[in-house]
Amino acid sequence: MPGGGRPLILTEDPLLLDDLLRLCAAAGAEPHVHHAVPEQTGAGGPGGDGGVAGVAGAGWDSAPLVLVGDDAARRVRGAPRRDGVFLVGRDLDDPSVWQRAVEIGAQEVLRLPDAESLLVDRIADVVEGAGRPALTVGVIGGSGGAGASTLACALALRAAKAGERTILIDADPLGGGVDVLLGGESAEGLRWPDFAASRGRVGAGALEESLPELHALRVLSWDRGERVVVPPAAMRSVVAAARRRGGVVVVDLPRRVDEPVAEVLAQLDLVLLVVPGELRSVAAAGRVAAGVRMVARDVRVVVRGRCPDGLDAEAVAGLLGAPLAGEVPVEVGLPGRVAEGEPPGARGTLARFCDGFWQRALGSAQGVPA
């Protein structure tokens, strides 16, 4: 990690130190460790009770996070006040622990092992540089053959071309693989089965770097094996890691909302329901929309193709009880171009729709009227 990016641990308790080192490793951090509180010469000097007036030279000021063992709290009194100080111990039932926390300006008091997962998250946020989460958009077909996977790939491609850090996630194990649509089925990198055993927090940076890179975006798809199920906990952890990386995340969703898919829907900012402009597809989409709305916060309709007389895009959205996100004309020649290796959204009306969508969506996410 870069200088100044390593957490600082202050403790003389070997058992507590072992726990903190283990938790730092789980978060992907390599800490600085001081078994005793280091002294800094200069104004004030060490306090008479072993406290210090300042420990900036030992990393107190520069470390993004300071973990102070309860055994070291009294010796830290007098150190400069700063954010990101945590008082950590095992036996914190003593009411005076809160006084010690106030004396050192601790942000939180954490008792192990109860707070282990919380502490790993705090450390990982520092390592990864917590910032604005990704704008996360799901795409789901209202009926079979609606073109949801094609739209998901095109949205991801256009976001990447616009300079956004982009991850495309294929959450449909029976969809054939978005990596195939992008011509990357043989690209090196991890697929969903490699993450099936994931539990707890997945490192955002490690996730991104492990995925195949196709057309300037990262893709998490399925392999050609027989596994078609990823446990809900793994789905939740992986999508959460992708969101923490920032930028844009696009998820290609299956039409059936099971438990793993519900974990994805709960993390989406927006779901686009792709509906061909004909009555039978609208009827099917109504059932899909009902399941999606049970979990998703914001569902909008994308009408694909021309509607018959007496039915327009606004009417389709009205029948489904959702706002209209736009219309995507059927693009003649697109299937042939994809078969020849051109990714969806490289050009044409689909590309223009996606560009317009991101201009509105990203502007709205940044506080600019869409």
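**Close-up views of a predicted model**

**View 1. P308 lies in the loop between strand 12 (299-304) and helix 11 (313-320).** Helices (H or I, at least four residues) and strands (E, at least two) are DSSP runs, numbered from the N terminus. Not counting residues up to four places away in sequence, P308 touches G277 and E278, where contact means heavy atoms within 4.5 Å. E278 is 30 residues from P308 along the chain, yet their C-alpha atoms are separated by 6.6 Å. P308 is partly exposed because its relative accessibility is 39%; buried means under 20% relative accessible area, exposed over 50%, and partly exposed in between (1.4 Å probe, protein chains only).

This is a predicted model, in which local features need pLDDT of at least 70 and side-chain atom pairs count only at pLDDT 80 or more, whereas totals for chains, interfaces and linings use all residues. Residues are numbered from 1 along each chain as its sequence is written, and side-chain values use heavy atoms, with hydrogens and water left out.

**View 2. R22 and D19 form a salt bridge (3.3 Å, N to O).** A salt bridge is a side-chain nitrogen of Lys or Arg within 4 Å of a carboxyl oxygen of Asp or Glu. About one helical turn separates R22 and D19, because they are 3 residues apart in helix 1 (residues 14-26). R22 is partly exposed at 42%, whereas D19 is buried at 17%.

**View 3. A salt bridge joins D355 and R158, with the closest N and O atoms 3.0 Å apart.** This pair links distant parts of the chain, since D355 belongs to helix 13 (residues 348-365) and R158 to helix 5 (residues 148-161), 197 residues apart. D355 is partly exposed at 26%, and R158 is buried at 15%.
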